[in-house]
Amino acid sequence: MRRYVFTLVASVITASLTGCGGSDSSPSGNTSTLSGKVIDGYISGATVFLDVNFNGELDENEPSAVTDENGEFDLLLNETLTECSLYVPTVTHVPVGAIDSDSPDTPIAEAYTMISPPPFAMGTDEELLNLTPLSSIVWESVEKELARDGEQLSCQSVIADLALREKITDRLEQQEFRTAQRYNITIDELYGDYIESGNTELHELAQALVPGLQASYAETLVLEENNPEADYVFVEYFIGLSDNFQRYDDSWYRREFVQASTGNWASRTNQVSDDLSEILAVVEQYSQRTKLSDSVEYAEDFYLTRSNEWTLEVPSYYCGVSETYTQIADLAYGVANSANSPVYESSWESCLAFERLGNTTQSLITKVFSDNGNTLLTESYHSFDSENPSGMEHLIGLGDDIDDLDGSELNQLNYIDTAFENTDAYGAAGWRRVKNVYTSSDLEQTQQTQTVHVHTNTDDYTVYVYNPDGTSTMQCGLWSTQELEDCTPDK
């Protein structure tokens with residue numbers, strides 16, 4: 001996929017970056033100009049700024065400009081901010097009273113925000129930044145995923161961390177593809193000026209998305225006020241997009257997310273009426289809590305999801321829980337427990353009280369890490385159920401007792417051979433083993449090819465190859481014959 005090429009409108013800056021956030025951002029010395037447009041129709045009177053610290057707010061040291069009657073803006077950048085402009089989003093606040101060229105005689109009555117992603121990761125050759133409803137839904141989805149992962153984003157952190165840049169590029173590329181596929185447009189059209197190109201269908205789609213942006217903006221402010229101690233919160237209204245799980249149709253949805261701290265969050269998604277005024281039904285609900293110590297890691301997830309037979313008239317759901325309890329060590333043992341059951345009401349309380357014993361599938365886990373403890377080399381999962389018990393059933397439902405555990409009880413799993421080639425079932429109903437291979441012996445090096453080998457109790461053998469340029473391939477075959485053929489999915 002093409003990568004965005006940033007053009008310096010003024011002088012070319014050759015000096016290396018010395019800092020991004022704390023210096024005076026007023027123009028001095030060599031300068032460059034970042035130019036673009038704010039578009040629903042063309043919006044005049046909107047404030048555009050470089051969001052150096054990724055907080056979505058205009059701060060004192062961030063360059064800003066107000067759009068003219070054609071929605072155009074120019075951000076004048078000093079040497080320090082020129083490099084930052086490649087690695088941070090550009091944000092516009094559209095205030096009450098701004099003018100949309102689609103309705104020039106009716107000033108905008110509800111404020112909202114639009115965003116363009118960091119240029120280094122964008123899959124377009126557009127030289128001007130266009131901040132539109134479409135660019136906004138692409139980047140906001142990615143930024144929410146990164147926040148949930150606990151990534152601390154700033155100009156400095158993105159520039160300094162190659163792995164983080166690759167993660168952002170990969171997430172953005174996936175979201176670009178999903179959005180473009182959903183609306184049957186190209187990536188360039190996704191970031192383009194649909195008014196100038198005369199693309200009326202895309203223009204109408206952008207107009208349809210604006211009420212959701214307005215409601216998201218207003219209700220996120222309320223949610224922030226109601227959760228002052230939370231790390232991260234948001235409300236998002238969206239029209240259903242195609243994704244890998246085909247979870248949403250073309251209706252409107254409202255997602256609410258509150259993260260108390262990394263690994264401890266709750267979310268709820270409802271289907272809403274077309275005018276966004278009425279909640280029609282619960283679509284899904286999730287919560288996660290995580291506990292860490294020097295020796296163990298524990299994560300517990302509850303979920304309520306729609307069944308395949310779900311309709312607005314006759315809603316039905318699956319309720320479930322999963323938990324993972326693992327040692328923190330170069331050779332680590334662990335257990336993963338999961339259970340679910342159909343329910344016919346959207347009762348979150350009943351999910352939280354879900355009875356696990358007798359319903360649980362348990363996997364016994366081994367993980368082998370490199371000497372630095374950061375790179376996973378091999379792992380294995382042996383799955384047991386009520387008909388094939390593991391003998392570790394006492395490690396189900398640990399949430400209330402986790403503070404009293406140190407991981408030593410997992411050492412009894414040392415009878416499981418960690419060798420990738422091993423095919424012993426150890427009495428399990430099913431198993432799989434995974435091995436990661438890297439092209440460089442220096443496992444700290446990020447620009448290298450990763451090959452993931454997976455084989456299972458059913459004799460399936462799959463090899464995934466992930467290249468530094470973001471491309472990947474997949475080969476499938478039988479473990480018993482070691483013969484493989486290409487089975488890379490078509491995009």
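1. How do strand β18 and strand β19 pair, and over how many bridges? Strand β18 (residues 376-384) and strand β19 (residues 430-438) pair in the antiparallel sense, over six bridges. Pairing of two strands means that DSSP finds at least two bridges between them. Y381 has R432 of β19 as its bridge partner. β19 also pairs with strand β20 (residues 450-456), again antiparallel, over seven bridges. There, R433 stands opposite H455 in β20.

2. A word on the basis. This is a predicted model, in which local features need pLDDT of at least 70 and side-chain atom pairs count only at pLDDT 80 or more, while totals for chains, interfaces and linings use all residues. Residues are numbered from 1 along each chain as its sequence is written, and side-chain values use heavy atoms, with hydrogens and water left out. Helices (H or I, at least four residues) and strands (E, at least two) are DSSP runs, numbered from the N terminus.

3. Look next at the open sheet of three strands. Its order is β5-β1-β9, with mixed pairing. β5 (72-77) and β9 (129-131) stand at the edges with a single partner strand each, so one side of each has no neighbour in the sheet. Neighbouring strands are turned by 30° against each other on average, direction ignored. Strand β1 (residues 32-38) pairs with β5 in the antiparallel sense over six bridges. S35 stands opposite D74 in β5, and G36 stands opposite F73 in β5.

4. Helix α1 packs on this sheet. α1 touches β1 and β5, and its direction makes about 125° with that of β5. Contact means heavy atoms within 4.5 Å. Angles run from 0 to 180 degrees between N-to-C directions, and axes are lines fitted to C-alpha atoms, for helices over the stretch in contact. β5 has a covered face of F73, L75 and L77. Its uncovered face holds E72, D74 and L76.

5. In α1 (residues 79-87), the buried residues include T80, L81, T82, C84, S85 and Y87. Buried means under 20% relative accessible area, exposed over 50%, and partly exposed in between (1.4 Å probe, protein chains only). At the start of α1, a side-chain oxygen of N78 comes to within 3.1 Å of the backbone nitrogen of T80.

6. Now the helix pair. Helix α2 (residues 133-148) and helix α6 (residues 200-226) have axes that come within 8 Å and cross at roughly 55°. The two are therefore oblique to each other. Angles under 35 degrees count as roughly parallel, over 145 as roughly antiparallel, 65 to 115 as roughly perpendicular, and the rest as oblique. P133, L134, S136, I137 and E140 in α2 meet L202, L205, A206, L209, V210 and L213 in α6.

7. T366 lies in strand β17 (residues 361-369). Is T366 buried or exposed? T366 counts as buried, at 1% relative accessibility. A polar contact of 2.5 Å joins its side chain to that of S380. Such a contact is a pair of N or O atoms within 3.5 Å; within protein, one must be able to donate a hydrogen and the other to accept it, and residues adjacent in sequence count only if both atoms are side-chain atoms. Leaving aside neighbours within four places in sequence, the contacts of T366 include A332, Y333, T378 and I416.

8. Two backbone angles deserve a look. Most residues other than glycine have a negative phi. L276, not a glycine, has a positive phi of about 65°. L276 sits in the loop between β12 (264-272) and β13 (279-292), and is buried at 14% relative accessible area. Q482, also not a glycine, has a positive phi of about 60°. Q482 is in the loop between β22 (472-478) and β23 (483-486), and counts as partly exposed at 43% relative accessibility.
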